[in-house]
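Work through the exercises below with the sequence and the model in view. Each task is followed by its solution, taken step by step.

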Amino acid sequence: MTPLAAFLVVAALVFAIGLAIALTRRNAILVLIGIELMLNAANLNLIAFWRFGAKPEALTGMMFAIFSIAVAAAEAAVGLGLVIAYHRHAKTTDLDAMTRMKG
Amino acid sequence: MIHGLSVAFLLTSALTVAGALAAALLKNLVHCALSLTVTFAGLALLYLQLDAQFAGLSQILVYIGAVAILVVFAILLTRGAGIPEYRGFSSSWLAGLAIAAAVFALLAWAVTKSLPAAAASAAAPAVTVQSIGVALMSSYVLPLEIVAVVLTVALIGAVIVAMPEARVAKSETEQGGAK
């Protein structure tokens, strides 16, 4: 197994665990955690391809990963803000109980 | 023994996957957030092994320093009041698990089938922080500006979304005072 394949398999594993969290857990914050894990796995893919791909001096994959980190931080802030707002309104973060978002 | 892989890589990837699994399986939400931090640290170590020092340290700063703290604060703010959770998993957890396993099987199959068998172990790229900064300010300046706007808008929006009650209460008291 080449190093690139090993990194890609680790990233696939983290992605699958994140997907499992997002699909099976009931708490909205945990679903956001799963989404963060999936984004991180994608970043690992980008960095691995940058390292082992052609022309790493062009910095393409590295830049993609850095911008992805920035956007993921914004997504986490908005998502957690939404969860807090919903909790303030309906006193629950249980996804099975979140049936409507209209006030 | 998987040849061609360093012990450091095996240990770091085991740490990363163990943290992710703990986040998936633990009952206590705070424990989940802390094991998520372990996963973020493991991913930062993997970035460092890939000679991406800047990305690794950004990962530590942004994820461990900001996102993990944000998650812990959100957990602390949203519990207490409300129904205690009797079940941590949704009723269709088996289907979700099957979908995740199928996705992993597909990805692993694609990775092992499609990559060339020859070890493309190139030399470490000579990339410094200075070259990253120059690239950000020259060829990637437009994405940089767009990300700056996105971050500003998202953070202002998050603050506005997270505190509507205070605004409503204030406007109600103002209306009450006008009457």
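A salt bridge is a side-chain nitrogen of Lys or Arg within 4 Å of a carboxyl oxygen of Asp or Glu. This is a predicted model, in which local features need pLDDT of at least 70 and side-chain atom pairs count only at pLDDT 80 or more, while totals for chains, interfaces and linings use all residues. Residues are numbered from 1 along each chain as its sequence is written, chains are lettered from A and ligands numbered from 1 in the order in which they are written, and side-chain values use heavy atoms, without hydrogens and water.

**Exercise 1.** Find which side chains meet in a salt bridge between chain B and chain A.

Step 1. The count of salt bridges between the two chains is 1.
Step 2. The partners are B:Asp51 and A:Arg51, with 2.7 Å from N to O.
Step 3. Chain B and chain A also have 6 residue pairs in polar contact, both residues at pLDDT 80 or more. A polar contact is a pair of N or O atoms within 3.5 Å; within protein, one must be able to donate a hydrogen and the other to accept it, and residues adjacent in sequence count only if both atoms are side-chain atoms.
Step 4. On the side of chain B that touches chain A, helix 3 gives the most, with 11 residues. Helices are DSSP runs of H or I with at least four residues, strands are runs of E with at least two, and both are numbered from the N terminus.

**Exercise 2.** State how much area chain B and chain A bury between them.

Step 1. Buried area is the accessible area (1.4 Å probe) that two parts lose on being put together, summed over both.
Step 2. The value is about 6700 Å², 78% of it on carbon and sulfur atoms.
Step 3. The contact (heavy atoms within 4.5 Å) takes 88 residues from chain B and 67 from chain A.

**Exercise 3.** Describe the secondary structure of chain B.

Step 1. Chain B has 7 helices and 0 strands.
Step 2. Of its 179 residues, 29% count as buried, meaning under 20% relative accessible area, with exposed over 50% and partly exposed in between (1.4 Å probe, protein chains only).

**Exercise 4.** Is B:Leu142 buried or exposed?

Step 1. B:Leu142 lies in helix 6 of chain B.
Step 2. Its relative accessible area is 57%, so B:Leu142 is exposed.
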